[in-house]
Structures are given as structure tokens and as C-alpha cells.
Amino acid sequence: MESDAIENVKDKIDEILLMSTNSEDVFHSINTLEWLLKLDPEADTALRIAALGHDIERGLEDRMIQSGTFETYDEFKQAHALNCAEILVEIMEDFGVEQSLIDDVAHLVAHHESGGNEREELLKDADTLSFFHVCIPLYYDRKGPEMTKKRCVWGFKKLSDNLKKDVLEIEFPDPELKQLVIDSIVSDND
Ligand SMILES: [Fe+2]
């Protein structure tokens, strides 16, 4: 049954992301789905799978795209998106998911960093809001203030204008982080 195949895909995504060395990845997957449903409670199955699995490569160290091999951060993110789409296609094929759904999820995930049409924008915004919501503290611990600020500026720029206020409403446990996020927003408006 198609619904069993979808449940199997969701479980597999969870299993893979639990192997990520970055412990926020599994929370980020679930939280991106939560943001997606907040932005569109009627979001379809393809969008829901795409939200859960858009960063799937992070649990597969040997298949993960490395940022150092790209000239720009955008090029790296584009390669990351395509790689995650490819991995998800393999998983969905293994579980016998219907081809039209596989194509839909792959297309959404391939565009999750850049956005595009209405559904791709929705996924991009859910991912971006979730980065601010659950990823920043651990990202900050790993990368330090400079990189985190750059990442926030990049994330804030790609967020749809009508959602930028939502970032300001997110509670940050650390006042330093809160300030860093505000500084990023200010530099975006320069
Ligand atoms: Fe993400």
C-alpha cells in the first residue's frame, strides 16, 4: 500500500538522520515539518516528505557534499540540495513509492535552498525558519560567532519578506545569540 511505503520512507529518513554527527539534524527535520504545517496546514504528502528529508545527506558521511570544494556558498548549497534529492529518490524507489510522488519530492528538495514556485518557496521558508528556531545554538558552538553571523545573514536574505518578523519572535536561550541574530537582520537591511 502506498501509505505503508510513505511511512517506511519517513522511518528511513529518521534512521539516517540519527546517524548525523550534528545532533540538531534530526530535530531540524521534524521542526521543518512543523514549520511547514504552520505555514500551510494543508501541505501535501510530497511537501511533508521533502520537509523531513531535505538534508538527508547529513546522516551519510561518505556521501555528504563538502563545502570546501565550491567557490561560493550558493554553489555548495545547490550541490547539497541536488545530492539530497538523489539520495531520497533511491530511498523512495527502494520502498516502491509511486513514480509521480518520487519526482515531486525530488524536484522540491532540489529547490529547497533556492525556492521558486509556491510550494518550493514554502519548503525553503520552513527550512529557513527552522534553522533559526533549532539549529543556531549548536551551529554557533561548532562554527563560532563570525561564521554564524554570515550564515544568519544568508538565511535571512532568502527568507520571504512576510516571514522575517517570525525570526524576531523566536526565543533564543543565549542573549549573545539573540544579539547576533538581530545584527544579521540589521546588516541585511543596510
Ligand atoms: Fe535544512
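Figure 1. Phe70 touches Glu75, Phe76 and Ala79, not counting residues up to four places away in sequence; two residues are in contact if their C-beta atoms, placed from the backbone, lie within 7 Å. The model is predicted: local features need pLDDT of at least 70, side-chain atom pairs count only at pLDDT 80 or more, and totals for chains, interfaces and linings use all residues. Residues are numbered from 1 along each chain as its sequence is written. With 15 other C-beta atoms within 10 Å, Phe70 is partly exposed; a residue is buried if 20 or more other C-beta atoms lie within 10 Å of its own, exposed if 12 or fewer, and partly exposed in between, with C-beta atoms placed from the backbone. From Phe70 to Pro137 the C-alpha to C-alpha separation is 25 Å in space, and the two are 67 residues apart in sequence. Helices (H or I, at least four residues) and strands (E, at least two) are DSSP runs, numbered from the N terminus.

**Figure 2. Helix H2, residues 24-39.** H2 has 16 residues and reaches 22 Å from its first C-alpha to its last, close to the 22 Å expected at 1.5 Å a residue; the expected span is 1.5 Å times one less than the number of residues. The buried residues of H2 are Glu24, Asp25, Val26, His28, Ser29, Asn31, Thr32, Leu33, Trp35 and Leu36.

**Figure 3. Helix H3 and its crossing with H5.** H3 (residues 45-53) is mostly covered, with 7 of its 9 residues buried: Ala46, Leu47, Ile49, Ala50, Ala51, Leu52 and Gly53. The axes of H3 and H5 come within 9 Å and cross at roughly 50°; axes are lines fitted to C-alpha atoms, for helices over the stretch in contact, and angles run from 0 to 180 degrees between N-to-C directions. The two helices are therefore oblique to each other, since angles under 35 degrees count as roughly parallel, over 145 as roughly antiparallel, 65 to 115 as roughly perpendicular and the rest as oblique. In this contact, Thr45, Ala46, Leu47, Ile49, Ala50 and Gly53 of H3 meet Leu101, Asp104, Val105, Leu108 and Val109 of H5.

**Figure 4. The pairing of H4 with H5.** The axes of H4 and H5 come within 8 Å and cross at roughly 160°. That angle makes H4 roughly antiparallel to H5. On H4, the residues in contact are Ala81, Leu82, Cys84, Ala85, Leu88, Val89, Met92 and Glu93; on H5 they are Ile102, Val105, Ala106, Val109 and Ala110.

**Figure 5. The largest nonpolar core.** This core has 43 residues, and those with the most contacts inside it are Ala50, Leu88, Val105 and Val109. A nonpolar core is a set of buried Ala, Val, Leu, Ile, Met, Phe, Trp, Tyr and Cys residues joined through C-beta atoms within 7 Å. Two or more residues each come from helix H1 (2-17), H2, H3, helix H4 (73-94), helix H5 (99-110) and helix H6 (118-158). H6 gives the largest share, 12 residues. Leaving aside its neighbours within four places in sequence, Val109 is in contact with Ala50, Gly53, His54, Ala81, Cys84, Ala85 and Leu88.

**Figure 6. Ile136 in helix H6.** Ile136 counts as buried, with 23 C-beta neighbours inside 10 Å. Its contacts, leaving aside neighbours within four places in sequence, are Phe131, Thr148 and Leu177. Ile136 and Thr148 are 12 residues apart in sequence and 7.5 Å apart in space, C-alpha to C-alpha.
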